[in-house]
Amino acid sequence: MGELNRSVTLEGSESGFATTKLDALLNWSRKYSLFNYPFVTACCGMEFMAVSSPRYDFARFGAEAPRFSPRQSDLLWVVGTISQRQAPVLRRIYEQMMAPRWVMAFGTCASCGGFYDNYTTVPGIDKIIPTDVYVPGCPPRPEAVFDGLLLIQDKIASGVREPSVVKPRADPVAGLVQIRDTKVKAKEKTK
Amino acid sequence: MSQLALDKLKAKFGAAVVETHSQFGDDTAVVEPGVWRAAAEFLRDDPALDFNLFVDLCAVDFPKRVPRFEVVLHVYSFARRQRVRLKTRVGDEEGEGCEVDSLVPVWTGANWFERETFDMMGIVFQGHPDLRRILLYPEFVGHPLRKDYPAQKTQPLVAYRTEEEAGTILDKLAPFGGDEGMAFGRKFYLPKDGN
């Protein structure tokens, strides 16, 4: 499944040895054997089912096994709206996961609260837990979810922990879609 | 036929029936809060009325009116295939004094509806067996569907991470921006200069 990173070099094709760095090998195996914890709360769950079932099938990317104990899982899928009342549960689930762990915000509600801009809803799971990948869409199409999954895998391979974003489709009317550079702005703010 | 319930209410409670109207075959009676439970019992027990199905109970906030809140009850009669709406008005301008008798002794189904109305609007149902919040958490202060509750005010149960801790901006706009091809995107949060 998949190809070895460039950091893996094959030497002496007849001797059958390969040399690599231990970290690279570990990350390579982690990225293709993700154990998922689906925290499914809302309608985005239908798209999650599509992603996980044979038509789209995220097993092709080595992210097949769902684990319904957070202690055994690497990747937390937050799929759907998180209400204020659920926030302690999500926080606890995250705290129970073993490091290294990754979090995907699946859909607009998990990313920023969606259109629930009121007393009920957490305005984005990044307010309560660190988030690695944001997938836009209401709900996102399975293709967008795969973009997010591949981003997670890139991050696992490279060790980068800064949040990354699946690009939304271009707005056909106004072309308004723009990824915010929140990182840079945060630095400016602290100056 | 459809006026029957209103006529009987007026005959029974007299001046305690503040106003009545009928529209599209649906009857509404507004009664004084003092006869709220008596009127409900009358609707249920009178053999000619026989409203045996509790349908809905809610409240409406009219911030400029006194009394400020309208408690609205819908009941239905299976036998007569009639429905009737009973209202009462409680509460002063500040939202105090929103007490009305509980209807749980009349229709058991009113239990959770009264809890919800208490949770969202702060109507206190006297005689309710278990008047707690039903949708929100006990730590919540205030009643969010009152018109004087700030629309975007949240009361988090988990303390939010700080921006220093996260290393990124944490606001209500997702990192993919306010527009993702959806009409309800949060465009108004976008800075005007296009950054």
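**Figure 1. Helix H3 of chain B and the glycine after it.** In this predicted model, H3(B) is followed by Gly122(B), which has a positive phi, near 75 degrees. The helix covers residues 110-121 of chain B; at 1.5 Å a residue, its 12 residues should span 16 Å, and its end C-alpha atoms are 16 Å apart, which agrees. Its buried residues are Ala110(B), Asn111(B), Phe113(B), Glu114(B), Thr117(B), Phe118(B), Met120(B) and Met121(B). These buried residues are covered by elements including strands E3 (53-61), E4 (69-77) and E7 (124-126) of chain B.

**Figure 2. Nonpolar cores.** The largest nonpolar core has 44 residues, and those with the most contacts inside it are Trp77(A), Val78(A), Met104(A) and Phe106(A). Two or more residues each come from strands E3 (36-40), E4 (75-79), E5 (102-106) and E6 (133-135), and from helices H2 (44-52), H3 (87-96), H4 (108-112) and H5 (142-158), of chain A. H5(A) contributes the most to this core, seven residues. Another core, of 32 residues, lies apart from it; Ala39(B), Val75(B), Trp107(B) and Met120(B) are among its members.

**Figure 3. Surroundings of Trp77(A).** Leaving out residues up to four places away in sequence, Trp77(A) touches Asn36(A), Tyr37(A), Pro38(A), Phe39(A), Phe48(A), Met104(A) and Phe106(A).

**Figure 4. Cis peptide bonds in chain A.** Ala99(A) and Pro100(A) are joined by a cis peptide bond with omega about 0 degrees. Pro100(A) sits in the loop between H3 and E5 of chain A. A cis peptide bond also joins Cys138(A) to Pro139(A), with omega about -5 degrees. Pro139(A) belongs to the loop between E6 and H5 of chain A.

**Figure 5. Positive phi at non-glycine residues of chain B.** Phe24(B) is not a glycine, yet has a positive phi of about 50 degrees. It is found in the loop between strands E1 (17-23) and E2 (26-31) of chain B. Phe24(B) counts as exposed because it has 5 C-beta neighbours inside 10 Å. Asp50(B), also not a glycine, has a positive phi of about 60 degrees. Asp50(B) is in the loop between helix H2 (36-45) and E3 of chain B. With 15 other C-beta atoms within 10 Å, Asp50(B) is partly exposed. Chain B averages a pLDDT of 87, and 90% of the residues score at least 70.

**Figure 6. Ser164(A) and its contacts.** Ser164(A) lies in strand E7 (residues 164-165) of chain A. Ser164(A) has 17 C-beta neighbours inside 10 Å and therefore counts as partly exposed. Beyond its neighbours within four places in sequence, Ser164(A) is in contact with Val133(A), Leu151(A) and Lys155(A). The C-alpha atoms of Ser164(A) and Ile125(A) are separated by 14 Å, with the two residues 39 residues apart along the chain.

Notes: Residues are numbered from 1 along each chain as its sequence is written. Chains are lettered from A and ligands numbered from 1 in the order in which they are written. This is a predicted model: local features need pLDDT of at least 70, side-chain atom pairs count only at pLDDT 80 or more; totals for chains, interfaces and linings use all residues. Helices (H or I, at least four residues) and strands (E, at least two) are DSSP runs, numbered from the N terminus. The expected span of a helix is 1.5 Å times one less than its number of residues. A residue is buried if 20 or more other C-beta atoms lie within 10 Å of its own, exposed if 12 or fewer, and partly exposed in between; C-beta atoms are placed from the backbone. Two residues are in contact if their C-beta atoms, placed from the backbone, lie within 7 Å. pLDDT is the predictor's confidence in each residue, from 0 to 100. A nonpolar core is a set of buried Ala, Val, Leu, Ile, Met, Phe, Trp, Tyr and Cys residues joined through C-beta atoms within 7 Å.
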